[in-house]
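Here is a short briefing on one structure. Read it with the sequence and the model side by side.

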2 protein chains.
Amino acid sequence: MKRSKRLLDIQNFDREPIYKMAALLIGFTFLLLVINVFQKGLSGGVGADKHVYLEIVFLVLLAVLAEVAVFYLKQQSAVTLMLLGILISPSFLTILWGALGSVGIPVEGAPLKIFEHEDVIHTFAQLGAIILLFKVGMHSKIEKIFSGTNMFVAVMGVILPFALGYFYASYTGGSFAYAMFVGAALAATSVGVTVAILKELKVLDKKFSEVIIGAAIIDDILALLVLSIVINMTGVPEQNASIVLTFITSAVFIIGAILTGKYFIRYMDRNDMSNKRFLLAIAYMLAMAYVAEVIQLSAIVGAFLAGVVLSKSRHYEYLEKSTLGLELIFMPIFFISLGLLVDIVSVAAYIGPILIITLIAFVSKIASSIFVGIVDKSFSVSDSAIVGIGMVPRGEVALIIASIGLANGILTQSEFSVISAMALLSAFIAPMVLAYFIKIFGTAST
Amino acid sequence: MKRSKRLLDIQNFDREPIYKMAALLIGFTFLLLVINVFQKGLSGGVGADKHVYLEIVFLVLLAVLAEVAVFYLKQQSAVTLMLLGILISPSFLTILWGALGSVGIPVEGAPLKIFEHEDVIHTFAQLGAIILLFKVGMHSKIEKIFSGTNMFVAVMGVILPFALGYFYASYTGGSFAYAMFVGAALAATSVGVTVAILKELKVLDKKFSEVIIGAAIIDDILALLVLSIVINMTGVPEQNASIVLTFITSAVFIIGAILTGKYFIRYMDRNDMSNKRFLLAIAYMLAMAYVAEVIQLSAIVGAFLAGVVLSKSRHYEYLEKSTLGLELIFMPIFFISLGLLVDIVSVAAYIGPILIITLIAFVSKIASSIFVGIVDKSFSVSDSAIVGIGMVPRGEVALIIASIGLANGILTQSEFSVISAMALLSAFIAPMVLAYFIKIFGTAST
């Protein structure tokens with residue numbers, strides 16, 4: 001019994017002088033134990049079922065690091081997270097290991113493989129993007145998505161990039177199919193990164209933010225149509241989607257979601273908030289994301305619509321608060337995983353075409369938006385420039401288009417590398433330019 | 001432009017009589033689309049990368065269903081969720097499909113396979129258990145874990161079940177190794193389910209709850225020691241853990257975590273709460289769970305300790321609130337996945353030995369606890385009975401022990417089935433008995 005009485009006072013263990021040394025010793029041994037376990041985990045000495053915790057701990061710690069960088073280096077957290085993702089990507093680590101070896105630092109065996117559970121990490125990343133767009137949806141108004149200006153920006157932002165991409169690829173000797181895929185990839189917009197920047201700079205309520213989000217949603221439908229045209233013309237076997245059907249399905253989904261959403265809100269608001277209602281809202285968000293993904297729109301479009309619908313609920317604030325923890329944990333994983341996808345070996349190998357095509361990615365979206373700014377009197381030219389930059393990231397949308405081309409043997413591995421490097425590079429550079437522009441021109445506009 | 005003006009008013013679309021029909025039609029088509037997508041998903045017509053959303057939607061909807069059942073049927077949600085898990089387990093669905101076929105209902109092909117991403121679901125389930133125990137830890141006091149009563153309950157709760165299990169298995173002709181593994185599996189305690197019940201009944205601050213949680217933590221260490229003894233004696237090749245080392249490692253981890261925790265709290269409390277600090281707390285929780293898991297304690301013991309440490313932080317309430325969303329989403333997945341593991345075909349095949357061994361699982365833990373209640377004057381007999389029932393669930397801890405035996409060829413498939421059925425059955429029945437007892441005897445005690 002005496003021993004357990006001692007243990008009772010475990011917290012003040014080190015106040016009694018005799019035990020001070022023991023406490024120090026145990027604390028020190030504990031730290032050694034922790035370090036040893038992590039070292040063992042990183043060198044692959046821990047079974048796969050337990051390793052998954054380490055992967056998540058690692059990702060959350062990177063998110064902490066990004067928060068620190070945001071504070072001290074005044075960088076955008078999305079960009080910082082993508083950069084951290086690149087630094088831990090397999091291709092970068094392989095090069096780093098090689099470099100360390102060549103300067104005489106002995107590195108044991110293969111470069112450390114941090115992520116074994118790609119399935120899990122990918123799902124976490126997708127959840128992060130879904131929650132981000134859900135929350136942005138909760139701040140958006142439906143009326144403002146389908147405005148004339150947004151339509152105009154979206155249409156121009158598909159035509160010009162497609163045309164420029166197609167002609168550049170044809171001109172440099174690319175096949176018809178390759179040129180079509182380059183065009184389709186350039187027509188796409190990945191709004192996740194941009195939206196995170198807008199949220200961070202607290203300018204989501206500005207006119208240019210509304211146009212970016214609205215145009216990106218419409219753009220998603222248009223890019224889908226372009227993709228089905230490309231697939232039909234280049235003869236990808238299985239994916240023989242009818243263009244008309246694709247368009248009707250997308251339209252029915254978006255309009256139908258908003259029309260039926262009213263009934264969902266009526267149910268949600270009938271009683272006080274409860275665990276059941278919270279879970280129902282989460283299930284609604286995920287179900288909308290799932291349907292959007294299956295009909296070939298992005299999951300984030302579905303999540304955004306779910307957010308728009310739930311913004312009308314009287315439990316709005318509760319939902320906003322109770323999803324904060326999810327957002328803080330999963331959103332960084334989305335950005336880190338974008339960085340992880342970068343294969344810097346291919347980037348180095350094809351640096352010429354990648355830089356040119358990324359330049360086209362920038363110029364085409366910005367020029368088409370400024371064109372709308374000049375023609376449309378309700379839309380200032382400085383706003384239109386910001387919108388153009390905001391639409392530059394191609395991200396995972398262009399990656400998906402490129403991977404369809406690769407999977408069906410239309411694109412070669414090197415062509416795929418060029419398109420995917422453009423998709424990621426545009427998502428990486430545009431946010432920095434965007435933040436800079438908003439700080440200079442954006443704060444004055446309405 | 002006119003078309004977009006119309007779309008602007010999309011929300012009040014159906015107020016204008018001419019468009020009422022159109023709105024109805026679109027809403028109806030939308031519902032058909034959603035149903036079609038889900039049907040396609042359930043019948044395996046959707047690619048694996050998209051299917052994962054459906055799996056999560058499905059799990060969250062089951063959680064909603066459980067909330068409804070809790071409200072109308074006055075059942076415990078943990079038990080309801082496990083039951084729902086059994087109803088969608090592959091073995092049950094196979095039988096159901098067979099039964100439907102035999103009464104003439106045509107069922108196409110193989111039973112529907114809902115979960116393709118077992119890795120993802122398993123990780124979600126583990127996160128659920130970790131968050132649950134983390135939050136319980138935040139309500140616990142360190143001083144109350146290592147009390148004499150808890151030690152006594154834990155030691156008795158290992159000795160008696162081990163002895164009874166060993167003798168029963170030997171008596172019925174089991175090999176020495178099988179008997180040892182039965183004993184070890186019966187000595188274990190899985191506290192997750194019990195704690196969820198205590199939390200739901202709002203009795204976490206009662207004496208019996210403190211004893212259950214404290215004794216279960218100590219039991220985890222003792223069961224680990226028993227397992228390393230069993231492994232040494234039955235000669236499992238690779239896992240040649242030294243008993244002394246196992247004990248020292250566990251002790252250093254638990255005491256060291258609490259001693260070093262003070263410094264972590266000092267850092268956490270130095271400034272206001274921020275995203276960085278929130279992420280750091282989450283990383284701390286997961287890192288502790290990881291280390292505990294690697295040194296063969298359960299992940300939940302590490303998470304519990306992290307909770308105990310963070311309970312001293314002045315940001316306590318913020319952490320409590322901001323992890324609610326995570327808890328609501330992931331905890332149900334833990335219980336559903338326990339149900340999913342049940343293989344009712346083996347349960348039916350070995351129903352005799354399973355029932356006897358489950359009875360031993362009940363009697364041995366309850367008797368050992370009541371024995372302590374009689375001897376220890378500070379511990380009432382009715383409380384000791386509740387504690388005994390609370391310690392009955394063997395759950396995933398016994399499952400892990402059984403699977404070590406199976407993986408090393410010491411247990412046959414049928415022996416493994418018997419032990420794992422006991423592990424799950426005890427986790428399933430005990431909570432119902434526990435809730436019943438607490439309602440009768442528990443509310444009066446302190």
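A polar contact is a pair of N or O atoms within 3.5 Å, and within protein one of the two must be able to donate a hydrogen while the other accepts it. With that in hand, note that the model described here is predicted. The points below take the pair of chains, then several individual places within them.

**How the two chains are related**

- Chain B can be superposed on chain A by a rotation of 180° with 0.0 Å of shift along the axis, and the RMSD is 0.0 Å.
- This is the relation of a two-fold axis.
- The residue of chain B that comes closest to the rotation axis is B:Val120, whose C-alpha is at 2.5 Å.
- Both copies use the same surface, since 100% of the contact residues of chain B recur in chain A.

**What the chains share at their interface**

- In general, the size of an interface is often given as the accessible area lost when the parts come together.
- Between chain B and chain A about 7,800 Å² is buried, and 79% of that area is on carbon and sulfur atoms.
- On the side of chain B that touches chain A, helix 12 (residues 275–294) of chain B provides the largest share, with 14 residues.
- The residues on that side of chain B comprise 57 nonpolar, 18 polar and 11 charged ones.
- Counted by residue, 86 residues of chain B are in contact with 87 residues of chain A.
- There are 0 salt bridges between chain B and chain A.
- Polar contact joins 4 residue pairs between chain B and chain A, counting pairs with both residues at pLDDT 80 or more.

**A threonine in a loop of chain A**

- A:Thr189 sits in the loop that runs between helix 8 (176–187) and helix 9 (191–200) of chain A.
- Is A:Thr189 buried or exposed? The relative accessibility of A:Thr189 is 5%, so this residue counts as buried.
- The side chain of A:Thr189 is in polar contact with the side chain of A:Asp219, at 2.6 Å.
- The side chain of A:Thr189 also makes a polar contact with the side chain of A:Lys365, at 2.9 Å.
- With neighbours within four places in sequence left aside, the residues in contact with A:Thr189 include A:Ala216, A:Met391, A:Pro393 and A:Val397.

**A covered helix in chain A**

- Helix 4 (residues 77–87) of chain A is mostly covered, with 9 of its 11 residues buried.
- Among the buried residues of helix 4 of chain A are A:Ser77, A:Val79, A:Leu81, A:Met82 and A:Ile86.

**A serine in a loop of chain B**

- B:Ser147 is found in the loop between helix 6 (118–138) and helix 7 (148–171) of chain B.
- With a relative accessible area of 18%, B:Ser147 is buried, because the cut-off is under 20%.
- B:Ser147 and B:Glu210 are 63 residues apart in sequence, while their C-alpha atoms are 9.9 Å apart in space.

- A:Lys202 is not a glycine, yet A:Lys202 has a positive phi of about 55°.
- The loop that holds A:Lys202 lies between helix 9 and helix 10 (207–234) of chain A.
- A:Lys202 counts as exposed, at 70% relative accessibility.
- In chain B, phi of B:Lys202 is also positive, near 55°.
- B:Lys202 is placed in the loop between helix 9 (191–200) and helix 10 (207–234) of chain B.
- B:Lys202 has 71% relative accessibility and so counts as exposed.

Technical notes
Residues are numbered from 1 along each chain as its sequence is written. Chains are lettered from A and ligands numbered from 1 in the order in which they are written. Side-chain values use heavy atoms; hydrogens and water are left out. Contact means heavy atoms within 4.5 Å. Buried area is the accessible area (1.4 Å probe) that two parts lose on being put together, summed over both. A salt bridge is a side-chain nitrogen of Lys or Arg within 4 Å of a carboxyl oxygen of Asp or Glu. Helices (H or I, at least four residues) and strands (E, at least two) are DSSP runs, numbered from the N terminus. Ala, Val, Leu, Ile, Met, Phe, Trp, Tyr, Cys and Pro count as nonpolar, Asp, Glu, Lys and Arg as charged, and the others, Gly among them, as polar. Copies are superposed by least squares on the C-alpha atoms of residues with pLDDT of at least 70 in both. Buried means under 20% relative accessible area, exposed over 50%, partly exposed in between (1.4 Å probe, protein chains only).
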